[in-house]
Amino acid sequence: MTALLQVRELKTIFSADGGDVSVVNGISFDVQAGRTLAIVGESGCGKSVTSLSIMGLLPRPHGRIAGGSIKFEGRELVGSSEQTLQDLRGNGMAMIFQEPMTSLNPSFTVGEQIMEGLLRHKKINRIRAREIAIEMLRKVRIPSPEQRMDEYPHKLSGGMRQRVMIAMGMACEPKLLIADEPTTALDATIQAQILELMRTLQQETGTAIVLITHDLGVVAEVADDVVVMYAGRIVEQGPVKEIFSTPQHPYTVGLLGAIPRMDIEKQRLISIEGQVPNPARPLPGCSFAQRCPFADQQCLELMPALVEVGLSHRSACFKAPLDPDLLPVCSGLEVVA
Ligand SMILES: Nc1ncnc2c1ncn2[C@@H]1O[C@H](COP(=O)(O)OP(=O)(O)O)[C@@H](O)[C@H]1O
Ligand SMILES: [Mg+2]
């Protein structure tokens, strides 16, 4: 089966005064129709730049795709016209951003903003667009949707604005929804409600979701497949159950170790020391080597390739397969997917 989205060897760079900086360094992954792929990694790893690259929304002129391919329904997006990308956005694929106030226009009502996409992409009149917009607000469980339609975004709470963003994103029933940290700014209860909502809408419409998050608890709950990014590269990828039960990259082990668990009284949290390297000053070797407790000379000198370590499971680590004794903290984590 051909994947809905195929990303191959994607390279994205930003030009700065000092020259070009590679922030996404040749990543490849597939998103199957109707499935959920989670992209995880610490801040600065290139998750948002990856999604902006797919959507054709890199900040111009300094951000650009320098290589690779992005195919949506078999159609190449890299190098395609702005018109083609505009037609696809909202209709074929939509994106929900972390901070809704940056993408909701403060000078238009909630209703006008949801209707705008519908009127642009569907052959319907304003009356029908309004009906659909109200229906979407109802679906995302906004109380009194008829009244809310005519309110401005600043009147809504953070949770309500995020729901409006989801309603906007899903109104045209896109085949792919990219949600970039959609719940990070919200408290845990609202977060759970929003994720549940996305899941329900996915079941109704068959939308594929790319969920970007640094919250592995969320990943365990909703993802089918996982991509772990570090310093602009994929260091591990595979089905969610494999990633949680037998992670094969020390960075993933570190991320999993950082999830608090309820079932262990005195938990031993592994925290990852140090910081994500600066993409403007790339070092030779594995980009995680400086922080990795298992790194040796080879890791500091050579870049490990992403290789098969299990069924559809890849890791970019010379030490894979990892010693199972390394994995005490994450081995019991429950995967609901
Ligand atoms: N508009 C921009 N101009 C220059 N560099 C950027 C820009 N946006 C992101 N970057 C750089 O790209 C890298 C990846 O950023 P980003 O994709 O936002 O990380 P993440 O979403 O994983 O936290 C970072 O080093 C960041 O500083
Ligand atoms: Mg980001």
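What is the handedness of the crossing of α5 and α7? The crossing of these two helices is right-handed, and the legends below set out the views.

The model is predicted, with local features requiring pLDDT of at least 70, side-chain atom pairs counted only at pLDDT 80 or more, and totals for chains, interfaces and linings using all residues. Residues are numbered from 1 along each chain as its sequence is written, chains are lettered from A and ligands numbered from 1 in the order in which they are written, and side-chain values use heavy atoms, without hydrogens and water.

**View 1. Residues around ligand 1.** Ligand 1 has 13 residues around it, of which Gly44, Gly46, Lys47, Ser48 and Val49 come nearest (near: a heavy atom within 4 Å). Six residues of this shell are nonpolar, five polar and two charged (Ala, Val, Leu, Ile, Met, Phe, Trp, Tyr, Cys and Pro count as nonpolar, Asp, Glu, Lys and Arg as charged, the others, Gly among them, as polar). Helix α1 (residues 47-55) gives the most to the shell, with three residues (helices are DSSP runs of H or I, at least four residues).

**View 2. Polar contacts of ligand 1.** Oxygen atoms of ligand 1 lie 2.7 Å from a polar backbone atom of glycine 44, 3.1 Å from one of cysteine 45 and 2.9 Å from a polar side-chain atom of lysine 47 (polar contact: N or O atoms within 3.5 Å). The protein covers 65% of the 560 Å² of accessible area that ligand 1 has on its own (Shrake-Rupley method, 1.4 Å probe).

**View 3. Packing of α5 and α7.** Helix α5 (residues 126-139) packs against helix α7 (residues 158-171) at about 130°, with axes 9 Å apart (axes are lines fitted to C-alpha atoms over the stretch in contact; angles run from 0 to 180 degrees between N-to-C directions). The two helices are therefore oblique (under 35 degrees is roughly parallel, over 145 roughly antiparallel, 65 to 115 roughly perpendicular, the rest oblique). Their crossing is right-handed (the near helix is turned clockwise from the far one by less than a right angle).

Technical notes:
Polar contact = N/O pair within 3.5 Å; in protein donor to acceptor, adjacent residues only side chain to side chain.
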